[in-house]
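Hello,

Here is the structure I promised to pass on to you. Have a look at it first, and then read on for my notes.

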Amino acid sequence: MTRRFLFVLGSSRSDGNTELLARRAAEQLPEGVEQQWIDLAAHPLPDFEDLRHDSDHVRPTRGNVALLLDATLAATDVVIVSPLYWYSVSAHVKRYLDYWSGWLRTPGVDFKATMAGRTLWGVTALAHEEQEVADPLVETLSNSAAYLRMRFGGVLLGNGSKPGDVLGDAEALARAKTFFAQDAPLARFPYETD
């Protein structure tokens with residue numbers, strides 16, 4: 001399968017530090033690798049309604065839910081581009097991930113089997129020098145990947161608060177040059193052993 005990257009932008013601000021860092025990393029992808037960028041602020045999802053135990057699941061055929069479902073299913077690599085908001089992913093991204101729960105039970109989708117073996121990545125900018133404060137965001141993505149038996153490429157972290165600050169983070173920009181070239185291992189929950 002030809003690699004196809006879906007970049008899910010979860011910031012409330014367009015062209016923010018997290019998106020700038022993600023675009024720097026995406027510039028390094030080989031020519032011919034497809035990229036699709038979807039801004040969740042421009043394509044908002046309605047509040048997620050948990051219908052997991054109801055029987056009337058239907059596949060969405062139009063609107064932003066259908067757009068994101070189809071883009072997610074078509075991607076070999078899903079990149080969550082979310083600033084660190086209150087030490088985790090943004091509300092936009094959390095809502096998108098909540099929809100994964102519904103897609104698990106959507107007829108004809110076989111979401112868990114389809115996503116197995118694909119790769120989940122993250123990109124975030126934070127205002128702290130201490131990157132450990134982003135651990136909850138990293139764990140959210142890693143555990144989501146583990147549940148679906150996806151690969152997890154990790155999270156590219158950059159420092160920035162004011163617009164454009166991340167472009168002064170030389171270490172983050174250097175990591176961006178090779179971020180998507182690394183091997184992504186199969187994600188595992190922290191309690192799993194080899």
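**Aromatic pairs and a charged patch**

Helix α3 spans residues 91-103, and it holds both Y99 and W103, which sit four residues apart, or about one turn of the helix. Please keep in mind that this is a predicted model. The two rings form a tilted aromatic pair, with 6.2 Å from centre to centre and 45° between the planes. Y99 and W103 are both buried.

How are the rings of F189 and Y191 arranged? Their planes are at 5° and their centres 5.3 Å apart, so this pair is stacked. Planes under 30 degrees apart count as stacked, which is why the angle settles the matter.

In total, the structure has 15 aromatic pairs. There is also an aromatic cluster, made up of F5, F7, W37, W121, F179 and F180.

Now for the charges. E129, E130, E132, D135 and E139 together make a negative surface patch. One of these residues, E130, lies in the loop that runs between β4 (119-126) and α5 (135-147).

Happy viewing, and do write back with any questions.

Best wishes

Conventions:
Residues are numbered from 1 along each chain as its sequence is written. This is a predicted model: local features need pLDDT of at least 70, side-chain atom pairs count only at pLDDT 80 or more; totals for chains, interfaces and linings use all residues. Side-chain values use heavy atoms; hydrogens and water are left out. Patches are made of residues with over 30% relative accessible area and no salt bridge: like charges are joined within 9 Å, nonpolar side chains (Val, Leu, Ile, Met, Phe, Trp, Tyr) within 5 Å. Accessible areas come from the Shrake-Rupley method with a 1.4 Å probe; for residues, only the protein chains shown count as cover. A salt bridge is a side-chain nitrogen of Lys or Arg within 4 Å of a carboxyl oxygen of Asp or Glu. Lys and Arg count as positive and Asp and Glu as negative; His and the chain ends are not counted. The place of a charge is taken as NZ of Lys, CZ of Arg, CG of Asp or CD of Glu. Helices (H or I, at least four residues) and strands (E, at least two) are DSSP runs, numbered from the N terminus. Rings of Phe, Tyr and Trp (its six-membered ring) pair if their centres lie within 6.5 Å; planes under 30 degrees apart count as stacked, over 60 as edge-to-face and the rest as tilted. Buried means under 20% relative accessible area, exposed over 50%, partly exposed in between (1.4 Å probe, protein chains only).
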